[in-house]
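Please find below a few numbered remarks for your reading of this entry.

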2 protein chains.
Amino acid sequence: MPQKSSFSDASRTDVPGPSTAELPAAAPGLRERRRRQTRAEISQAALRLFQEYGVDATTVDGIANAAGISQRTFFRYFTSKEEAALPAHQDFDAALEIGLLAIDPSGSPREELERVYQQVMQGYADNDAPQARSMLLVNQLIRKEPLLRAALLKHNATRTTGLVDALMDRFGRDGVSDLQIRLAFETCAAVVRVAFEVWVTRREAGRNDNLPDIYASARELAH
Amino acid sequence: MPQKSSFSDASRTDVPGPSTAELPAAAPGLRERRRRQTRAEISQAALRLFQEYGVDATTVDGIANAAGISQRTFFRYFTSKEEAALPAHQDFDAALEIGLLAIDPSGSPREELERVYQQVMQGYADNDAPQARSMLLVNQLIRKEPLLRAALLKHNATRTTGLVDALMDRFGRDGVSDLQIRLAFETCAAVVRVAFEVWVTRREAGRNDNLPDIYASARELAH
DNA sequence: TGCCATTATGGCAGATACTGCCACATTGGC
DNA sequence: GCCAATGTGGCAGTATCTGCCATAATGGCA
């Protein structure tokens, strides 16, 4: 997989097995729908077991069994058991990539990125909406599980390189150094990460702050 | 391991096995010295093999064999083969923790952190000094090896939680929100990460920029 | 110096994660 | 309704990592 630096394929699943992408976003198709369904079921099973028994004590066999598939099939959908716990983040990433497509190359990288992130965050404004709920749930789990935290970091790192390359292409090299691009992306990502963490922390403490607001004040604080 | 949020033990090795810490920093002791020696030898062997055959193709057995120890003993020194490639970063972290001890709780978290980082970076100012050389070497390897990149992220993530907690204790909660602390740390760390990356990239491109300068300009760009 | 508690090491078994390969079932298009 | 493409399961094999026990080296102390 040469992976020619681009974030245009918002529906790629990173799964080696089936579904070799033929614009499934436009026409989901029956096979693709079944696939997503199975994927979702596996994730549900994984999250349930992780919550109940902890990540360490949960085996891939257990997840596969709970999801009604074989272990072999599990690994055709996810590369590791930790990955199965991150569907919410993959949705987030998909939204992010779509937003990045509409970026203005003549603007400041930092400002453009912040705008896109803020826009994506709006999808999580309502703490009771399903999207926000599942994101909160996973993040609560991540808070307690170092293995999941590491998996998320790894997931982000894998994506970061691709996104940075794509951003570099998009902004061109005219007057915008690689340092500047990397810096813009990493600092924005850091603010976002903190916003998520604080969101979850406060939610667990009973407060009902919403994500966009937290992000806004975090961005403020970061200057 | 309760790990009561504190970065005072600069010599902890995170190894389950031997050396249950008895102020080895003050009095290295013969046993401790041997231990460090073995540790260094394992790392050397690991790095050599990683460079020659790649991380994937290198097995723990291979490393242990090259280092003249058993596989079982390897896992008493490192939790994974990837960890064995990060001694330079552990040195960096140790220096960082020492610096954090001298932090001024009445100052701005952001400024204090930046000061400490800058100070630690000074130790890598000379690109030909052994410290900088080994750091560069490892980072070049990390650039090409996703597995090592992931391991570093994981390593940092593990440390971050502890450091943030310690910083929170140090700055107290008086007027300094958790958001502010987390934010300061994450953004500083992001700038540092980028500085390292750019350092290595430019070095590979033949340029001889030194780390402190790159960090300074990165910090500048990040406002 | 010699004894003893501590600690370091090695070997072994076992659990789990992950991959390649092959056979078989299912599916969607013609 | 046939055929190629695709999804699934089983199996074997490798690698990572851990617990347990026996043994050897070490350092302190009488």
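1. In this predicted model, the rule finds four residue pairs in polar contact across the interface of chain A and chain B, both residues of a pair being at pLDDT 80 or more. On the side of chain A that touches chain B, the helices α7 (146-171), α8 (178-204) and α9 (211-221) of chain A each supply at least two residues, and α8(A) gives the most, with 15 residues. By residue class, that side of chain A divides into 14 nonpolar, five polar and nine charged residues.

2. Four salt bridges are found by the rule across the interface of chain A and chain B. A salt bridge joins the side chains of A:Glu197 and B:Arg182, with an N to O distance of 2.7 Å.

3. As to extent, 28 residues from chain A and 27 residues from chain B take part in the contact, and the area buried between chain A and chain B comes to about 2500 Å², with carbon and sulfur atoms giving 71% of it. Within chain A, the residues that lose the most area to chain B are A:Leu179, A:Arg182 and A:Leu183, which together account for 22% of what that side buries.

4. Leaving aside residues up to four places away in sequence, B:Asn139 touches B:His89, B:Phe196 and B:Val200.

Terms used. Residues numbered from 1 in each chain as written. Chains lettered and ligands numbered in written order. Predicted model: local features only at pLDDT ≥ 70, side-chain atom pairs only at ≥ 80, totals over all residues. Heavy atoms only, no water. Contact = heavy atoms within 4.5 Å. Buried area = accessible area lost by both parts, 1.4 Å probe. Polar contact = N/O pair within 3.5 Å; in protein donor to acceptor, adjacent residues only side chain to side chain. Helix = DSSP H or I, 4+ residues; strand = E, 2+ residues; numbered from the N terminus. Nonpolar A, V, L, I, M, F, W, Y, C, P; charged D, E, K, R; others polar.
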